[in-house]
Amino acid sequence: MAKEAVFTMKLEPELRDAFAAAAKTADRPASQIVREFMRNYVNQDREYVAWLRRKVAEADEDIAAGRVHTHEEVQTHMDELFADLERKRREAAE
């Protein structure tokens, strides 16, 4: 891919120097590593948005099908789970 754009940023000299040293130790150009960071960040964001959309669609389907719980039901269930975990923790400590 042609590299025609320039990206300028401000950062602390110590961070710049440490990054340049790490890139040199890895025997890789710093710009290549930054491009990798940027691609990974963009892809991670896309993956998260896709995951979030799937979760919202699943929740919408559950609501439409009547598969819902009241706050009190969820609270009771969570209290039971925490009590069970606490009981297991105490048993393990004995």
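Visitor: Of the 94 residues of the chain, what percentage count as buried?

Guide: This is a predicted model, in which local features need pLDDT of at least 70 and side-chain atom pairs count only at pLDDT 80 or more, while totals for chains, interfaces and linings use all residues. Residues are numbered from 1 along each chain as its sequence is written, and side-chain values use heavy atoms, with hydrogens and water left out. Buried means under 20% relative accessible area, exposed over 50%, and partly exposed in between, with a 1.4 Å probe and protein chains only. Here 2% of the 94 residues count as buried.

Visitor: Which secondary-structure elements does the chain have, and how spread out is it?

Guide: Helices (H or I, at least four residues) and strands (E, at least two) are DSSP runs, numbered from the N terminus. The chain has three helices and zero strands, in the order α-α-α from the N terminus on. Its radius of gyration, taken over C-alpha atoms, is compared with a globule rule of 2.2 Å times the number of residues to the power 0.38. The value is 25 Å, well over the 12 Å that the rule gives for 94 residues, so the chain is more spread out than a compact globule. Along its principal axes the C-alpha trace spans about 55 × 45 × 20 Å.

Visitor: How much space lies in the largest pocket, and which residues are closest to its centre?

Guide: Rolling a probe the size of a water molecule over the atoms shows where empty space is left. On a 1 Å grid over the protein atoms alone, a cavity is a set of points where a 1.4 Å probe fits but cannot get out, whereas a pocket is an open set with protein on both sides within 12 Å along at least five of seven lines, and lining residues have an atom within 4 Å of a point. Grid points are joined across faces, edges and corners, and a volume is the space filled by probe spheres set on the points. About 720 Å³ of space lies in the largest pocket; of the 20 residues that line it, Phe-7, Ser-31, Val-34, Arg-35 and Met-38 are the closest to its centre.

Visitor: Which helix gives the most to that lining?

Guide: H2 gives the most, with seven residues.
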